[in-house]
Amino acid sequence: MAAADIAGVDEIYKVGGAQAVAALAYGTESVPKVSKIFGPGNRFVTVAKQLVNSSECAIDMPAGPSELAVIADSATNAEYAAADLLSQCEHGADSQVGLFCSDRAKAMEIIAEAERQLETLPRKEIAAKSFGNSFAVVVESTRKAVELTNI
């Protein structure tokens, strides 16, 4: 919201999904037509953005499934790392996240915390599928974690 204010934005619509892409591209009684659509979404949003991009308005880019890698060590805040992992899992069942941690006990703590937080999410079913497709790797060092994520 602060960035929108700085940029001089004077209207904001809290909408989402493929139906929001259509509303923004074509306009409705309550949502005006826009010139460009930005933002992430699931596979349905991606297809909707591609469809309207061909003739109606510009888009930022077609996005694929969300992916995220978290690199952690013994000093990592497990609550924050778990929240970061789950933030991408909510985007779609085909999203995937990976945890690379140089401390086995901390990796287990982060996984347990993510499972705890998962229970409180509004999109729990989707996030749970994505989290189930995700992985954690215990590595010998943070440097090794960086090497693996770069690969």
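Biologist: In what order do the strands of the open sheet lie, and is the pairing parallel or antiparallel?

Modeller: This is a predicted model, in which local features need pLDDT of at least 70 and side-chain atom pairs count only at pLDDT 80 or more, while totals for chains, interfaces and linings use all residues. Residues are numbered from 1 along each chain as its sequence is written, and side-chain values use heavy atoms, with hydrogens and water left out. Strands (E, at least two residues) and helices (H or I, at least four) are DSSP runs numbered from the N terminus, and two strands pair if DSSP finds at least two bridges between them. On that basis 3 strands form an open sheet with parallel pairing, in the order 3-4-5.

Biologist: Which are the edge strands?

Modeller: An edge strand pairs on one side only. Here the edge strands are strand 3 (67-72) and strand 5 (135-138).

Biologist: What is the average twist from one strand to the next?

Modeller: Axes are lines fitted to C-alpha atoms, for helices over the stretch in contact, and angles run from 0 to 180 degrees between N-to-C directions. From one strand to the next, the twist averages 15 degrees.

Biologist: How many bridges join strand 4 to strand 5?

Modeller: Strand 4 covers residues 96-101 and runs parallel to strand 5. Within this pair, C101 stands opposite V138. Strand 3 and strand 4 are joined by 6 bridges, with A72 opposite C101. Between strand 4 and strand 5 the number of bridges is 4.

Biologist: How many of the 6 residues of strand 4 are buried?

Modeller: Buried means under 20% relative accessible area, exposed over 50%, and partly exposed in between (1.4 Å probe, protein chains only). Strand 4 is largely enclosed by the rest of the structure, because the number of its 6 residues that are buried is 5.

Biologist: What is the volume of the largest pocket?

Modeller: Rolling a probe the size of a water molecule over the atoms shows where empty space is left. On a 1 Å grid over the protein atoms alone, a pocket is an open set of points where a 1.4 Å probe fits, with protein on both sides within 12 Å along at least five of seven lines; lining residues have an atom within 4 Å of a point. Grid points are joined across faces, edges and corners, and a volume is the space filled by probe spheres set on the points. For the largest pocket, that gives about 600 Å³.

Biologist: Which of the lining residues are the closest to the centre of the largest pocket?

Modeller: The lining of the largest pocket has 21 residues. They divide into 10 nonpolar, 7 polar and 4 charged, where Ala, Val, Leu, Ile, Met, Phe, Trp, Tyr, Cys and Pro count as nonpolar, Asp, Glu, Lys and Arg as charged, and the others, Gly among them, as polar. The closest to the centre are V15, L24, I37, F38 and G39.

Biologist: Which element gives the largest share of that lining?

Modeller: Helix 2 (18-26), strand 1 (36-37) and helix 3 (43-53) are the elements that give two or more residues to the lining of the largest pocket. The largest share, 3 residues, comes from helix 2.

Biologist: How far apart in space are V52 and A22?

Modeller: V52 is found in helix 3 and is buried, with a relative accessible area of 4%. V52 and A22 are 30 residues apart in sequence, but C-alpha to C-alpha their separation in space is 7.4 Å.
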